[in-house]
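This report looks at the open spaces in one protein model and at the residues around them. Please keep the sequence and the structure in view while reading.

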Amino acid sequence: MEIVSERLKKIASFVPTGTRLLDVGSDHAYLPLYLMAQDQISFAIAGEVVDGPYQSARRHVADSAYHHAIDVRLADGLSAMTEEDNIQTVVIAGMGGRLIARILEDGQNNLESVERLILQPNNSEDEVRAWLNSHGYALVAEQILSENGKVYEILVAEPGEQTLSDLELRFGPFLLQEKSDIFRARWRKEDEKLSQILANIPPEKSGERQFIIKQIDAIKEVLT
Ligand code: SAM
């Protein structure tokens, strides 16, 4: 079996034991295969919208000992599952936050049986939190990790009510509480990037400057 990244292992750590899983954008089906090898899930759908990754997921699953328990499907987002699949956990990882929010929005009617969403946006995490916040999902855990020079956030949500403040939408309620070293380093870097952008905006563009200053102030507030 291929070596699974720390990022995927961390995502896997939030998958409940014995669950029926849909992995949206499964690429090589690494995550379902890893979870099967761990004896952590009972059934998985590896969903892929692009033919190349779909074929590679099919090959990987066919060559594995788990072809009876992983269904590879060519489908867009949450349309990979039907009611009969009785999926309890959905993972959407390794994509932009806007795309993840779009997939959730388009497929929300398919989420009835789903008890847990595990989402790992590569960026725009606030858009994912905003979708969860306004669609009856509450964050139950968050994790931030760094691998190969990149920082990733993992958001775990379950059906429930939660109202997030603007600060929590941007920084994450659990990550804000924890303020780990990785979190601090990520936002310090963002602060530097925004300060550079600000330095290049002429004084007459006061609206643009104010927008950036507000973002920098929020980071400073969180980091002090
Ligand atoms: N989920 C894996 C991971 O985290 O390592 C693979 C991430 S890969 C960068 C993103 C995958 O999502 C690609 O294989 C892409 O084809 C697939 N994808 C993008 N949009 C999708 C959609 N709407 N439905 C299903 N798969 C999608």
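Residues are sorted into classes as follows: Ala, Val, Leu, Ile, Met, Phe, Trp, Tyr, Cys and Pro count as nonpolar, Asp, Glu, Lys and Arg as charged, and the others, Gly among them, as polar. This is a predicted model, in which local features need pLDDT of at least 70 and side-chain atom pairs count only at pLDDT 80 or more, while totals for chains, interfaces and linings use all residues. Residues are numbered from 1 along each chain as its sequence is written, and side-chain values use heavy atoms, with hydrogens and water left out.

A pocket is an open set of points on a 1 Å grid over the protein atoms alone, where a 1.4 Å probe fits and protein lies on both sides within 12 Å along at least five of seven lines; its lining residues have an atom within 4 Å of a point. A volume is the space filled by probe spheres set on the points, which are joined across faces, edges and corners.

| Pocket | Volume |
|---|---|
| largest pocket | about 570 Å³ |
| second largest pocket | about 330 Å³ |

Among the 19 residues lining the largest pocket, N122, E125, R186, E190 and K193 are the closest to its centre. By class, this lining has five nonpolar, six polar and eight charged residues. Its largest share, seven residues, comes from α8, one of the helices, which are DSSP runs of H or I with at least four residues, numbered from the N terminus.

The lining of the second largest pocket includes D126, F171 and K214. Here the largest share, five residues, belongs to α6, and the lining divides into six nonpolar, one polar and four charged residues.

Terms used
Helix = DSSP H or I, 4+ residues; strand = E, 2+ residues; numbered from the N terminus.
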